[in-house]
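Open the model in your viewer and keep the selection tool at hand. We will go from stop to stop, and at each one you will hear what to select and what is there.

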Amino acid sequence: MRNFSVTIVTDNSTHKFKRLIGKMGTAKPIVALTLTCITWGLILAYVHQITEPKIKEAERKEKEATIEEIFPGCTFEEENGIFYCFQDNRLIGRAVEVETKGYGGSMKVLVGINLDNTVRGVRVLSHNETRGIGSRATEPSYLSQFENLRLEQLAFKPQGKVEAITGATISSRAILEAVKEALEHG
Amino acid sequence: MAEERPSLKWETKKGILKKNPIFVILLGLCPFLAISKSVEDAIGMTLAFGFVLVGTCLVTSLVRRWVPRDIRIPIFVVIIASFVTITELIVKAYSPSLREHLGIFLPLITVNCIVLGRVEAFSSKRSVLESLADAVGMTAGFGLAIISISFIRELLGTGGIKLFGHSFVVLSQPATGFVLSPGGFLVMGAMLALLKKLGVI
């Protein structure tokens, strides 16, 4: 500041401006942080706008690949969020996506259902379960036990036929509830 | 003053060995050990990390004169987090499988201490070109470290290397422990000891 007061003799307008900035001393951090956040918020909104359709497309492709896994070699038609699967123009089942709450937040589960209302196959589309603990309940080796079960068999042992994973009860229950909901409402 | 500063070439080169962020500065080891299980993921992580680091260093160096000292850290973190979000959106849109592999460690680049460390120690004080050189060098050093470690771990742990759909199997009886966390620490320690002994770092 001292240096500066020597130079202002020749330039009065800069002096006034700098004094104004000096008075704004306490406001400066607030203004700087606000401006930073607004700028980056706008940039992020723009990037989001560009990438959103591509992300949706990627998610849809993944979902279709998963349905293909449960019903190999079938064609499907979507109606109200339910995928009806046809083989040789005959309806063989349907796939329902259910959103449920696990230990780490929302979980998307895809349930394939046979015509006789038994489970064809279960796949987890997305989850936020703890790696190595809750995530074990989202793996195919765990999910395969649901295959061919009826609605009334969907309960933990000994009432039903489902085995929960020790240490991951909440995640196991979330999957079970999702499958139940799919059979009841889907 | 300006003449005494190290050349741009040195600023780039130092990140690779002399000031390698992993082997010498020893920052950001948690995501490093978690991702260094497979060469393919390591390459993906290097790209994501490099994009964030170069972008952040560039921007912080550009705005360094207008950032009030008292709140520089929050401002830097906002910039880093924005770059990470951009990276995440791009990866999600164009390579969902990479997103799956990197998992939580992709958004966690935000709190990777290498990034904040370089911004605070270097790019917030230096010119744009110098910061760029530094960021590129640090990315190269990070890549070198993570790819070499993951190569050893994947080779010993799974018996072969899988890269872009091709797989090369070398060992018939792999030691699975190497892809688990203890193996990560072992390989990391052995690598550091070896590099120190050879006088490379």
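Start with the hairpin of S2(A) and S3(A), where two residues sit between the strands and Asp88(A) has a positive phi near 50 degrees. Strands here are DSSP runs (E, at least two residues) and helices are DSSP runs too (H or I, at least four residues), numbered from the N terminus. Before we go on, note that this is a predicted model: local features need pLDDT of at least 70, side-chain atom pairs count only at pLDDT 80 or more, and totals for chains, interfaces and linings use all residues. Residues are numbered from 1 along each chain as its sequence is written, while chains are lettered from A and ligands numbered from 1 in the order in which they are written.

Select Asp88(A), in the loop between strand S2 (82-87) and strand S3 (90-101) of chain A. Is Asp88(A) buried or exposed? Asp88(A) counts as exposed because it has 8 C-beta neighbours inside 10 Å. The cut-offs are these: a residue is buried if 20 or more other C-beta atoms lie within 10 Å of its own, exposed if 12 or fewer, and partly exposed in between, with C-beta atoms placed from the backbone.

Now click on Asn89(A), which lies in the loop between S2 and S3 of chain A. Asn89(A) is not a glycine, yet its phi is positive, about 65 degrees. Most residues other than glycine have a negative phi. With 6 other C-beta atoms within 10 Å, Asn89(A) is exposed.

Next, colour the two strands. S2(A) and S3(A) pair in the antiparallel sense over six bridges; strands pair if DSSP finds at least two bridges between them. Look for Phe86(A), whose bridge partner in S3(A) is Leu91(A).

**Its neighbour**

Glu79(A) stands opposite Ile82(A) in S2(A). S1(A) and S2(A) form a hairpin with two residues between them, and Asn80(A) in the turn has a positive phi of about 50 degrees.

**A cis bond**

Move to Pro158(A), in the loop between helix H4 (140-143) and helix H5 (169-185) of chain A. The peptide bond between Lys157(A) and Pro158(A) is cis, with omega about 5 degrees. Most peptide bonds are trans.

**Inside chain B**

Now select Ile146(B), in helix H7 (residues 128-158) of chain B. Ile146(B) has 23 other C-beta atoms within 10 Å, so it is buried. Setting aside neighbours within four places in sequence, its contacts (C-beta atoms, placed from the backbone, within 7 Å) are Phe32(B), Ile35(B), Ser36(B), Ala42(B), Met45(B) and Thr46(B).

Ile146(B), Ala48(B) and Val52(B) have the most contacts inside the largest nonpolar core, which has 37 residues. A nonpolar core is a set of buried Ala, Val, Leu, Ile, Met, Phe, Trp, Tyr and Cys residues joined through C-beta atoms within 7 Å. A second, separate core of 28 residues includes Phe83(A), Val109(A), Val119(A) and Val162(A).

**Where the chains meet**

Finally, show both chains together. How many residues does the contact take from each chain? It takes 18 residues from chain B and 16 residues from chain A. On the chain B side, helix H4 (residues 72-94) of chain B gives the largest share, twelve residues.

Terms used. Two residues are in contact if their C-beta atoms, placed from the backbone, lie within 7 Å.
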